[in-house]
Amino acid sequence: MEGVSNNMNEEGNEQGDTIDDINRTTIKEGRVEVIVESSKVFYNPVQEFNRDLSILVLIIYAQELQQTKNLKKRSHVGTFKRDEPRSVAGPSNTNSNDDGITIFEALSASGLRSIRFALEVPGVKHIVANDISVSAVTAIEANIKHNRVGHLVQASHSDAALSMFLYKTDGNYFDVVDLDPYGCPSRFLDSAVQVVKDGGLLMVTCTDMAVLAGNSPETCYLKYGATSLRTYACHEMSLRIALQCVASHANRYGRYIVPMLCISADFYIRLFVKIFTSPAICKETTRLSSLLL
């Protein structure tokens, strides 16, 4: 065909390029570079602020957790039994990440968030980047290798709720659980509030703001157990509805939540809450909640 270079096909693409090559995009965010096939793996650039904020919260949480562990260690210094020999060993050479935080990302897509956690949050011990999509898990594995974080991030192919239940059943709990689904997170909350360690951090995103802000109060009641209203304070109301939903799931297992940071931004809300265990304190939830009839 005249006018077409020998190394070009009839559609104007270089020979040897497949459809996957054409749809493949390299994305740089923070310290991470990931490769995403737009036709197979979901990537939302608007959520970059969400990821940035999550990293900042995780950094602070990891520091607080490490300080708590250090205080516990200091409280045991010098408490030897009468005939117990004291160790004369020098400073430990173990990796500081041995006491680091463990993270479960339930819906990882390209793995971007988990890889950013691994590279930008100090003191991370282990991250499980899970997704139910085969294409997504393939992308996660490739991006883990591309960013050289295989020693910190593990790809997982499983249903998110089932995976968290299995971890909990095996006695494997996480310091942090991150839920960032498309729409309502309610179907993941029951397992999420159980697999978080006592004092652990649960991070939740809700993107169905139309439901939470009063456009569909019946749907809101079905998904969140509360009726939304159209008011000027709809965004604050959305946060309170979502918090009540998380709290109700936690209360069923004798656990309660302590909100650390909750925001409304763009088309979503983001919750950062700590989970603690105390059936007695759970009873206080009734005092903090009310029903609007």
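## Confidence of the model

pLDDT is the predictor's confidence in each residue, on a scale from 0 to 100. This is a predicted model, in which local features need pLDDT of at least 70 and side-chain atom pairs count only at pLDDT 80 or more, while totals for chains, interfaces and linings use all residues. Residues are numbered from 1 along each chain as its sequence is written, and side-chain values use heavy atoms, with hydrogens and water left out.

The protein chain averages a pLDDT of 85, and 83% of the residues score at least 70. Confidence is lowest in helix α1 (residues 19–23), at a mean of 51, and highest in strand β6 (residues 174–179), at 98; helices (H or I, at least four residues) and strands (E, at least two) are DSSP runs, numbered from the N terminus. Over residues 80–96 the pLDDT is below 50, and this stretch has one contact (heavy atoms within 4.5 Å) beyond near neighbours in sequence. Where pLDDT is low, the predicted coordinates should not be read in detail.

## Packing of α8 and α9

Helix α8 (residues 217–224) and helix α9 (residues 234–251) pack at an angle of about 30°, with their axes 10 Å apart; axes are lines fitted to C-alpha atoms, for helices over the stretch in contact, and angles run from 0 to 180 degrees between N-to-C directions. That angle makes α8 roughly parallel to α9, a term that applies to angles under 35 degrees.

The contact is made by Cys 220, Lys 223 and Tyr 224 of α8, together with Ile 241, Ala 242, Gln 244 and Cys 245 of α9.

Methods:
Angles under 35 degrees count as roughly parallel, over 145 as roughly antiparallel, 65 to 115 as roughly perpendicular and the rest as oblique.
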